Amino acid sequence: MRDIVTGQFAAYQNEIYLQGLAGNVPPFTTDPEALEASARERLGPGPFWYVAGAAGSGATARANREAFDDWRIVPRMLTDATERHLGTTVLGTQMPAPVLLAPVGVQSILHPDGELATARAAAGLGVPFVLSTASSHTIEEVADVAGDGARWFQLYWPNDPDVTVSILDRARRSGYRVLVVTLDTWTLAWRPHDLDQSYLPFIRGIGTAIPFSDPAFRAGLAASPEDDKPMAILKWVQMFTGTDKSWDRLSFLREHWDGPIVLKGIQHVDDARKAVDAGVDGIVVSNHGGRQVDGAVASLHVLPEIADAVGERVEVLFDSGVRSGADVVKALALGAKAVLVGRPFAYGLAHGGEVGVRHVLRSLLADFDLTLGLSGHRSPAELNREVLRER
């Protein structure tokens with residue numbers, strides 16, 4: 001891993017200002033809220049709301065954002081924070097900052113290059129990328145463009161054991177080092193924006209590249225996806241949705257994955273303890289960005305108690321609502337080892353493919369780098385609850 005020290009990310013600010021001397025401004029906004037509004041103008045209502053929308057009334061998505069405002073950073077002065085070291089290691093993965101790209105499916109609805117563009121941008125910056133099972137490109141295609149970039153694989157757990165084992169084997173052979181198992185999306189929530197557009201990418205054959213290229217899945221079809229796409233779609237949708245799993249079935253994944261396993265979607269401290277008892281290596285405190293349970297608790301509100309309960313035994317990661325460098329600081333101070341970012345990079349992808357994702361990531365990392373230093377800290381390791389005050 002490259003040594004990330006002073007200015008590595010914050011320098012993007014200087015780069016932007018210096019470009020202004022030649023009359024150039026950034027190709028896309030650096031404001032996360034404005035970026036979402038701009039993406040809405042660029043995308044059709046189906047693709048935009050598939051990314052931006054939430055379950056039910058949207059109360060959970062709003063709560064995620066409001067929760068960050070419930071905590072305020074208390075800056076400290078004269079702390080010798082000129083030089084900062086942002087790097088960390090999570091589950092054996094070295095990263096230049098405690099930030100990963102969350103698994104976002106069907107990225108081709110945002111840009112033709114989809115996950116390929118995202119993986120290239122992430123690899124170029126050294127940021128780990130988590131590939132979704134609902135990718136528009138195959139496991140192997142994304143691995144090829146990622147090169148030496150750190151990559152994890154997210155599993156929507158199929159009901160067919162043979163297909164599950166085959167997908168895991170492909171991911172392992174393609175260099176994905178950590179398995180992220182999403183628990184909270186075994187069936188889709190009631191999502192009014194998607195329903196009003198009758199828009200679900202999977203039933204259109206989008207986001208099905210991984211199963212359609214999988215030998216075990218193809219072996220169970222009467223005809224190949226190329227010859228009978230509707231039947232292949234129907235079989236896959238029935239295979240990865242509609243069935244909730246149980247804690248005792250996690251042992252199956254351990255039998256077939258020899259690397260770290262992370263459970264994504266933990267919101268209750270008792271579930272965090274069960275995850276530890278089940279022998280997993282990490283958890284993601286997440287409510288799927290508000291996309292699954294309307295009126296649910298904000299992820300940030302439950303992060304401290306979960307981190308206190310299990311943080312010394314497993315790696316605690318966080319997602320749901322991260323938009324700014326200050327958000328990253330707050331999540332780390334409340335107990336997360338690293339954060340996952342989803343919608344912002346998706347909007348960047350919609351704006352300019354790889355260039356758009358890279359811009360969003362550089363903006364977020366620069367904001368984090370500057371906020372860390374200006375609040376009086378030299379590394380993420382210095383962040384704890386004393387850094388914050390509850391509003």
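## The cavity and its lining

Six residues line the largest cavity: Pro32, Glu33, Glu36, Arg323, Pro344 and Tyr347. The model that holds them is predicted. A search of the whole structure finds 1 cavity of 30 Å³ or more. The volume of the largest cavity is about 30 Å³.

Where do the lining residues come from? H2 gives the largest share, 3 residues. What classes make up the lining? There are 3 nonpolar residues, no polar ones and 3 charged ones. Why use a probe at all? Rolling a probe the size of a water molecule over the atoms shows where empty space is left.

## An edge-to-face pair

Now to the aromatic rings. The whole structure contains 11 aromatic pairs. One of them joins Phe153 and Tyr176.

Phe153 has 0% relative accessibility, so Phe153 counts as buried. Tyr176 has a relative accessible area of 1%, so Tyr176 is buried too.

Trp236 and Phe240 form another pair. Their ring centres are 4.9 Å apart and their planes are at 15°, so the pair is stacked. The cut-off for stacking is under 30 degrees.

Both residues sit in helix H11 (residues 229-240). Trp236 and Phe240 are 4 residues apart there, which means about one helical turn separates them. Trp236 is buried because its relative accessibility is 2%. Phe240 is buried as well, with a relative accessible area of 9%.

Which residues do ring pairs link into a cluster? They are Tyr50, Tyr156, Tyr199, Phe202, Phe212, Phe217, Trp236 and Phe240. The stacked pair, Trp236 and Phe240, is thus listed in this cluster.

Tyr50 is one of the cluster residues, and Arg291 lies over the face of its ring. Arg291 is 5.0 Å from the ring centre of Tyr50. Trp157 has an arginine over its face too: Arg249, at 5.7 Å from the ring centre.

Definitions and conventions:
Residues numbered from 1 in each chain as written. Predicted model: local features only at pLDDT ≥ 70, side-chain atom pairs only at ≥ 80, totals over all residues. Heavy atoms only, no water. 1 Å grid on protein atoms, 1.4 Å probe; cavity = no way out; pocket = protein on both sides within 12 Å on 5 of 7 lines; lining within 4 Å. Points joined across faces, edges and corners; volume = space filled by probe spheres on them. Helix = DSSP H or I, 4+ residues; strand = E, 2+ residues; numbered from the N terminus. Nonpolar A, V, L, I, M, F, W, Y, C, P; charged D, E, K, R; others polar. Phe/Tyr/Trp six-rings, centres within 6.5 Å; stacked < 30°, edge-to-face > 60°. Buried < 20%, exposed > 50% of the residue type's maximum accessible area, 1.4 Å probe, protein only. Lys NZ or Arg CZ within 6 Å of the ring centre and 35° of its normal.
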